[in-house]
Amino acid sequence: MYKILEKKGLTINQTMYKVEAPHVAAKVQPGQFVVIRAFENGERIPVTPVRWDREAGWVDLIVLTRGKTTKRMEVELQEGGHLLDIAGPLGNPAVHFSGKKVLSIGIMTGLVETLPIAKMWKEEGNTIISLHVTPEPLVILKEEFESFSDRHVVDAYPMTETWMQDMVTHAVESTKKLIEEEKPDMVFIVGPTGVQYAVFNVVKEYGIPMEVDLHPIMVDGTGMCGACRVTVGGEVKFACVDGPAFDAYKVDFEELIKRNGFYSKQEQYAMELYLKSIQGGAQ
Amino acid sequence: MGIDPKKLKRIPTPEQAPEERIHNFLEVNYGYDLESAQQEAFRCVKCPEEYAPCIKGCPVHIKIPLFIKQVEEGNIKEALRIIWMNNTLPAITGRVCPQEDQCEKDCVMGKIGDKINIGKLERFVADYARKTGIEEELLEEMIQSIEKKDQKVAIIGSGPAGLTAASELAKRGYQVTVFEALHEVGGVLVYGIPEFRLPNELVEHEVEKLKRLGVEFKLNYVVGRTVTIPELMEEYDAVFIASGAGTPRLLNIPGVNLGGVYTANEFLTRVNLMKAYKFPEYDTPVHVGKKVVIIGAGNTAMDAARTAKRLGADVYITYRRGEEDISAREEEVHHAREEGINFKLLLNPVEFIGDENGRVVKVKFEKMETLEERDSRGKRKIRGTGEYVELEADTVVIAIGKTAGKIIFQTTPGLEVDKRGTIVVDENLMTSIPGVFAGGDAIRGEATVILAMGDGRKAALAIHEYLQNKQ
Ligand SMILES: Cc1cc2nc3c(=O)[nH]c(=O)nc-3n(C[C@H](O)[C@H](O)[C@H](O)COP(=O)(O)OP(=O)(O)OC[C@H]3O[C@@H](n4cnc5c(N)ncnc54)[C@H](O)[C@@H]3O)c2cc1C
Ligand SMILES: Cc1cc2nc3c(=O)[nH]c(=O)nc-3n(C[C@H](O)[C@H](O)[C@H](O)COP(=O)(O)OP(=O)(O)OC[C@H]3O[C@@H](n4cnc5c(N)ncnc54)[C@H](O)[C@@H]3O)c2cc1C
Ligand code: SF4
Ligand code: SF4
Ligand code: FES
């Protein structure tokens, strides 16, 4: 059991959990993730330590409320309560380099995963142009990015009915604009696979090297199950041990998009039942 | 020798009826009660120890006639004491060993009648002792006799190899810590083998026993990431790698990443460890649909097939070889057939065919034929016929084995592995790094529970030896 030292709603649907997990805090590096289990009958889901204190032994997680598990976390987990499990750190640390100009893109909550990586790259002597594309109510970490980034751009657009399609349009337009203005040596992106793919199709036209953090569905996160398999360069890779970062030019995005949608009916059903149960409970 | 004709037939063990059990995950076989166990024990001719073929056939050489004699006389405590000398997890091996290839293979009773049901007798001793408190008494005796030592041993992985080594080392007084990547202890015993064959509570019970022997468990520790072997070596006097053969093998054919194409590990983990069969009460989903095609015919394939059956599907086990080369335990094949699983032999998958949403809908196979010649593993060679067939499938489960995981190897400089990534050890199970031992599937590729346990025990003795000399 891992104590929740602090729980804080950052915006609607985005919650920060400061969790006591000395074994993870001691070792985690930018680019790595953890797999958590919050409830006895809960799922194992991957999330990313955003900040950590090795001595004090805690990590910060920022989680978007998306389906049943993350909704339950938002509703049921309390400060002083516990996560049942937090395994890791998992995956490969982000690569090291210096002297480059990097366009680091975070789409919606994907931004939080870019934070430790972009910070590290900055410290290693790179120029960081960071971009956050998000519906306006979900803007986060603005000051934190401004504090180290050479230029932090927030493309926040109104949250209307078409917000998901708008996300693609905004991501593509802002990326184009920043490539023209800043001429980066490399692009890095974390966010929904569909948006990553659309942005890649733009970056490709400029021939700029690009890395993507992939988010397939995971179960164990240790290479044991193969749920997270992705095709990269024509070969089957397990994102949890071979990734999560890959060369965008080699990734079969279309396959991954389909794989990620595989359980959507069951996920929706579980979410609806859950929402009904908590509404019933509140009466 | 005038033998009582009643002695020729096996005393049966009751089972859940097939039409009932395909709707639940409860254990299929109920095992013996005291009376029927005594009757079965009475059938054994108690071959002399130095001759008994059953002892030779058991990989850990349990003194089978001796324990069976105690069962016959109703001394279950003595029977358990005898078994424990060689095997600390009889409730498990009694259920999952391929007895027909091991202890029961050359049982002399087989020459005139049915072989003795050694597996079920072993299981009976363990179950009876657990339920009646006999085991508790023996455990107390054991705990009292432990002389604590200061030396510390780290064990990586909590499958049968790790659990056995932990028990043997704890009994010898060492301070043992088991590091496990997952959130539950037991390895394949909990995430792979289904409840209807090996209830998880049995594994939990073994873990509780180990805790009482002083073994510490650290869950959610992925060795190589959370802590590395070189780091463990600073704190511990010896390390035992029992991390299994974690990585599932895939087929290198088109469509392998379609939705609905699972590895057996993923399918079984979702159902067994994450309890997807209780979705939506449990949050982890699994997709089954109406038709399920399993690829492979080992224990893993049978488990996946029977699990899919219990989730309501029509199930086809497909195998590229013929009947005689099916490698699963006899009992599982028999149970699978009783449960209405269809066997389609001599079919080699060549393509998974999907719909426009990337979901599998069909599997295309080449029909195979067997040749007289045998390969290095003694299996009949096969050859394609150039004829193809298709089977409809809402779900496919690939159960064609596993290879070693790479996290440990990649993060342990100086650890020698072979071409397939399996850890190389000497005759004492020591790896290329002094003080680091390995056993179980990590050194064998996918093998069996009892071989993993045998390694755990052997490694524990080797570690004991090594640490005594080190002082
Ligand atoms: C390496 C990695 C790091 C991640 N880091 C973060 C993070 O820091 N913050 C954050 O908010 N989210 C992160 N995610 C995404 C997060 O895991 C999913 O949002 C979460 O699992 C959704 O669960 P749910 O039950 O609420 O939603 P569901 O309704 O179950 O699913 C909604 C969608 O989430 C995805 N998803 C569902 N289950 C899983 C699973 N077991 N593994 C991966 N994806 C899944 C699927 O695409 C699915 O369609 C990360 C994912 C990966 C792979
Ligand atoms: C579905 C299925 C059915 C089977 N049926 C039978 C049967 O009926 N009879 C039989 O004899 N055999 C059977 N087997 C084979 C048998 O289960 C294995 O041979 C046996 O479990 C191997 O034991 P082990 O201790 O070496 O490894 P495992 O049982 O694989 O355990 C290894 C453990 O190490 C952990 N681990 C891995 N890497 C790390 C790491 N880096 N850090 C920390 N922990 C780690 C894993 O999570 C796991 O818990 C079956 C196998 C499967 C998959
Ligand atoms: S451990 Fe396995 S092989 Fe040995 S006696 Fe028991 S069931 Fe038979
Ligand atoms: S070989 Fe058969 S009959 Fe002989 S001791 Fe063993 S179990 Fe009994
Ligand atoms: S999540 Fe199971 S192998 Fe990657």
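This is a predicted model: local features need pLDDT of at least 70, side-chain atom pairs count only at pLDDT 80 or more; totals for chains, interfaces and linings use all residues.

User: How much area do chain B and chain A bury between them?

Analyst: The contact involves 45 residues of chain B and 49 residues of chain A. Carbon and sulfur atoms account for 55% of the buried area. The area that chain B and chain A bury between them is about 3,800 Å².

User: Which residues of chain B lose the most area to chain A?

Analyst: The buried area in question, about 3,800 Å², is that between chain B and chain A. On the side of chain B, three residues together give 21% of what that side buries. These residues are Arg225(B), Asn257(B) and Asp283(B).

User: Which residue of chain A meets Asp283(B) in a salt bridge?

Analyst: Between chain B and chain A the count is 4 salt bridges. In one of them, which involves the side chain of Asp283(B), the N to O distance is 3.1 Å. This falls within the 4 Å cut-off for a salt bridge. The partner of Asp283(B) is Arg72(A).

User: Which element gives the largest share of the side of chain B that touches chain A?

Analyst: Across this interface there are 25 residue pairs in polar contact. On the side of chain B, at least two residues each come from β5 (247-248), β6 (261-263) and α13 (264-273). The largest share is 4 residues, and the element that supplies it is α13(B).

User: How do the residues on the side of chain B that touches chain A divide by class?

Analyst: This side belongs to an interface with 25 residue pairs in polar contact. The residues of chain B that touch chain A divide into 20 nonpolar, 16 polar and 9 charged.

User: How far apart are the C-alpha centres of domain 2 and domain 3 of chain B?

Analyst: The domain assignment gives chain B a domain 1 (5-139), a domain 2 (149-241 + 403-470) and a domain 3 (250-400). Contact between the latter two takes 13 residues from domain 2 of chain B and 16 residues from domain 3 of chain B. Their C-alpha centres lie apart by 30 Å.

User: Which residue forms a salt bridge with Glu332(B)?

Analyst: Domain 2 of chain B and domain 3 of chain B bury about 1,200 Å² between them, with 52% of it on carbon and sulfur atoms. In domain 2 of chain B, Tyr191(B), Phe196(B) and Arg197(B) lose the most area to domain 3 of chain B, together 51% of what that side buries. The count between these domains is 2 salt bridges. For Glu332(B), the closest N and O atoms are 3.4 Å apart, and the partner is Arg197(B).

User: How much area is buried between domain 1 and domain 2 of chain A?

Analyst: Chain A is assigned a domain 1 (2-90) and a domain 2 (101-260). The contact takes 19 residues from domain 1 of chain A and 21 residues from domain 2 of chain A. Carbon and sulfur atoms give 68% of the buried area, which is about 1,700 Å².

User: Which residues of chain A meet in a salt bridge at 2.9 Å, N to O?

Analyst: Between domain 1 of chain A and domain 2 of chain A the count is 1 salt bridge. The side chains that meet at 2.9 Å, N to O, are those of Arg51(A) and Glu144(A).

User: Which residue has a polar backbone atom 2.9 Å from a nitrogen atom of ligand 1?

Analyst: Ligand 1 is surrounded by 24 residues, the closest being Pro46(A), Thr48(A), Leu64(A), Thr70(A) and Met218(A). A backbone N or O atom of Pro46(A) lies 2.7 Å from an oxygen atom of this ligand. A polar backbone atom of Gly67(A) is 2.9 Å from an oxygen atom of ligand 1. For a nitrogen atom of ligand 1, the residue at 2.9 Å is Met218(A).

User: How many residues in the shell around ligand 4 are nonpolar?

Analyst: The residues around ligand 4 include Cys44(B), Cys47(B), Cys54(B) and Cys107(B). Among the others are Pro53(B), Met109(B) and Ile116(B). The shell has no polar and no charged residues, and its nonpolar residues number 11.

Notes. Residues are numbered from 1 along each chain as its sequence is written. Chains are lettered from A and ligands numbered from 1 in the order in which they are written. Side-chain values use heavy atoms; hydrogens and water are left out. A residue is near a molecule or strand if one of its heavy atoms lies within 4 Å of it. Ala, Val, Leu, Ile, Met, Phe, Trp, Tyr, Cys and Pro count as nonpolar, Asp, Glu, Lys and Arg as charged, and the others, Gly among them, as polar. Domain bounds come from an automatic or database domain assignment. Contact means heavy atoms within 4.5 Å. Buried area is the accessible area (1.4 Å probe) that two parts lose on being put together, summed over both. A polar contact is a pair of N or O atoms within 3.5 Å; within protein, one must be able to donate a hydrogen and the other to accept it, and residues adjacent in sequence count only if both atoms are side-chain atoms.
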